[in-house]
Amino acid sequence: MPVDRETAQTQLLDAAEGLFYGRGIQSVGMDDIRNASGVSLKRLYQLYPAKDQLVQAYLERRDGRWRGRLARYVDEHAAEPVARLLAVFDWLEQWFSEPDFRGCAWINGYGELGAVSAAVAEQAREHKVAFQDYLRGLVAAAELPPELADQLYLLAEGAMVTAGIFHRTDPAPQAKAAAHTLIQSASR
């Protein structure tokens, strides 16, 4: 029985996310997506005529989910402005501990395709700018110097890369301790 467009897209994006994030974008073919999603190859190509379009849709959807999860965690776990900044690192530790954690999807995607896919490179930049902007908002709410946001951003990004490479969670609390030191220094 044929599935409607929305259901087919959801099935395809669910499959793409699991495979692209788990194995890497270049190692996954459209047949892999078809097999994992249960959507026919014809329908797959109707919805995503090129793999690049599917990659873009996967990264866009993951971006919304990732940023939403982060913001919800911070909102639910911290009220005081400085605590909200530090909660970002607590969320990173929680994310790093997930069984399927393989690092940052945008860093991974950029590493695989950034030199040959302008769309992937742009999506990686947009995701990172949005994360920086989120941190800037938290820093502003804490009435701390604006340059602190970029410093915290670099700590978080370094923690993501290290956690992804070494499959460990300890980069998050290490980055949080460094963030705490930076915040204390900026508060003086």
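Predicted model: local features only at pLDDT ≥ 70, side-chain atom pairs only at ≥ 80, totals over all residues.
Biologist: Which residues line the largest pocket?

Modeller: The lining consists of Glu17, Gly18, Tyr21, Gly22, Arg62, Arg65, Trp66, Arg69, Trp95, Glu98, Asp100 and Phe101. Two elements give two or more residues each: helix H1 (5-23) and helix H4 (51-77).

Biologist: How do the residues of that lining divide into nonpolar, polar and charged?

Modeller: Six are charged, four are nonpolar and two are polar.

Biologist: Let's take Glu17. Where is its place?

Modeller: Glu17 is in helix H1.

Biologist: Does it count as buried or exposed?

Modeller: Glu17 counts as buried, because its relative accessibility is 11% and the limit for buried is under 20%.

Biologist: What is Glu17 in contact with, leaving aside neighbours within four places in sequence?

Modeller: Its contacts are Gly22, Tyr58, Arg61, Arg62 and Arg65. With Arg61 there is also a polar contact between the side chains, at 3.2 Å.

Biologist: New topic: Leu54. Which helix does it lie in?

Modeller: Leu54 lies in helix H4.

Biologist: Why is Leu54 called buried?

Modeller: Because its relative accessible area is 0%. Buried means under 20%.

Biologist: Which residues is Leu54 in contact with, beyond four places in sequence?

Modeller: Leu13, Ala16, Phe20, Met30, Ile33, Leu44 and Tyr48.

Biologist: What separates the C-alpha atoms of Leu54 and Thr162?

Modeller: They are separated by 28 Å. Along the chain, Leu54 and Thr162 are 108 residues apart.

Biologist: Now cavities. How many of 30 Å³ or more does a search of the whole structure find?

Modeller: The search finds one. About 30 Å³ of space lies in the largest cavity.

Biologist: What is the largest cavity lined by?

Modeller: Its lining is Phe20, Tyr21, Ile25, Tyr58, Arg102, Ala105, Asn108, Gly109 and Glu112. Five of these residues are nonpolar, two are polar and two are charged.

Biologist: Which elements supply at least two residues of that lining?

Modeller: H1 and helix H6 (105-113) do. H6 gives the most, with four residues.

Biologist: Last topic, loops. What is phi of Glu143?

Modeller: Phi of Glu143 is near 55°. That is a positive value in a residue other than glycine. Glu143 sits in the loop between helix H7 (118-141) and helix H8 (147-166).

Biologist: Is Glu143 buried or exposed?

Modeller: Glu143 counts as exposed, because its relative accessibility is 74% and exposed means over 50%.

Biologist: And what about phi of His167?

Modeller: His167 has a positive phi too, about 55°, and is not a glycine. Its place is in the loop between H8 and helix H9 (171-187). At 60% relative accessibility, His167 counts as exposed.

How values were computed
Residues numbered from 1 in each chain as written. Heavy atoms only, no water. 1 Å grid on protein atoms, 1.4 Å probe; cavity = no way out; pocket = protein on both sides within 12 Å on 5 of 7 lines; lining within 4 Å. Nonpolar A, V, L, I, M, F, W, Y, C, P; charged D, E, K, R; others polar. Buried < 20%, exposed > 50% of the residue type's maximum accessible area, 1.4 Å probe, protein only. Contact = heavy atoms within 4.5 Å. Polar contact = N/O pair within 3.5 Å; in protein donor to acceptor, adjacent residues only side chain to side chain. Points joined across faces, edges and corners; volume = space filled by probe spheres on them.
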